[in-house]
Amino acid sequence: MKIWQKIIDWIYPEQPYCYYCGQDYFRSEVKHLCDNCLSGFKFNESFCTKCGRELLTNGEELCADCQADKYYFKMARSCFIYQGTARQLLLRMKYLDQPELAEPIGDLLYVYFCENYNNLSIDYIMPVPLHVERLSMRGYNQSLLLAEILAKKTGIKLVNDLLFRDKNTLPLFSLSKEARQSELDGVFRMSMHKNYQMYDNTNILIVDDIYTTGSTVNEVSKVLQANINDLSIYILTPATVSLIAN
Ligand SMILES: [Zn+2]
Ligand SMILES: [Zn+2]
């Protein structure tokens, strides 16, 4: 960059703008997300202690699924509820070719991580893999974008070549529990080129965009647990669903 350009940038710094609504702002809690748009988020403040989905009571209760099911991860948490502005923002990031929206979402994930996961000694951060066909259609894996931001901000190592996705799945939330499980059978496969022993006795944080039924992250966890010894798995997603009836 030429010295004159640097001086001009210093005199006239770029006005920050909101990646969601496009408006300029002078100050905001989250970079690239204005306070007005942020006020449309509902943060997840009372949740199931295992899966992190919103419940009416906080701190002690398990949701019905977590009372009945076996999970291969220790706990899942999500920053906000998948509704309103937050839902629109995640949909745009995933389906409307707006990967830049991962930046403000990644910042929110980082704040949440610092408050909730910092004491867990996480060794690796891993995104849920995307199938290669979907990756070439979309051009990016939204979970990887979020995992990259979190890894960079925390200084924790990112792992993106341990697990592969061999098949695309139908939208899982519309299926019964049995149908979800059969849809997920054999979807994920460990890399043949990795030395898994280096992951023995470690804590891995899996990052995805939304926690709905938990079936996908549980399947990822199952495959990892089958191949790695003494592994503790934690899940973090920006958004989750609410189990409170409206
Ligand atoms: Zn905005
Ligand atoms: Zn639960």
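Predicted model: local features only at pLDDT ≥ 70, side-chain atom pairs only at ≥ 80, totals over all residues.
Author: Local features here need pLDDT of at least 70 and side-chain atom pairs count only at pLDDT 80 or more, while totals for chains, interfaces and linings use all residues. Residues are numbered from 1 along each chain as its sequence is written, chains are lettered from A and ligands numbered from 1 in the order in which they are written, and side-chain values use heavy atoms, with hydrogens and water left out.

Reader: Why is the pair of glutamate 54 and lysine 42 called a salt bridge?

Author: The term requires a side-chain nitrogen of Lys or Arg within 4 Å of a carboxyl oxygen of Asp or Glu. The closest N and O atoms of glutamate 54 and lysine 42 are 2.8 Å apart, so the pair is a salt bridge. Both residues sit in the loop between helix H2 (35-38) and helix H3 (64-68), 12 residues apart. Helices are DSSP runs of H or I with at least four residues, strands are runs of E with at least two, and numbering starts from the N terminus.

Reader: What makes glutamate 54 buried or exposed?

Author: Buried means under 20% relative accessible area, exposed over 50%, and partly exposed in between (1.4 Å probe, protein chains only). Glutamate 54 has 6% relative accessibility and therefore counts as buried. Lysine 42, at 35%, counts as partly exposed.

Reader: How many salt bridges does a search of the whole structure find?

Author: The search finds 8. One of them joins the side chains of aspartate 161 and lysine 194 at 3.4 Å, N to O.

Reader: What makes aspartate 161 and lysine 194 a tie between parts of the chain?

Author: Aspartate 161 lies in the loop between strand S3 (157-158) and strand S4 (163-165), and lysine 194 in the loop between strand S5 (188-190) and strand S6 (203-207), so the pair ties together parts 33 residues apart in sequence. Aspartate 161 is partly exposed at 37%, and lysine 194 is partly exposed at 26%.

Reader: How do you know that isoleucine 3 is exposed?

Author: Its relative accessibility is 56%, so isoleucine 3 counts as exposed. Isoleucine 3 is found in helix H1 (residues 3-11).

Reader: What makes the nonpolar surface patch?

Author: Ile3, Trp4 and Ile7 make a patch of about 350 Å². Patch residues have over 30% relative accessible area and no salt bridge; like charges are joined within 9 Å, and nonpolar side chains (Val, Leu, Ile, Met, Phe, Trp, Tyr) within 5 Å. Accessible areas come from the Shrake-Rupley method with a 1.4 Å probe, and for residues only the protein chains shown count as cover.
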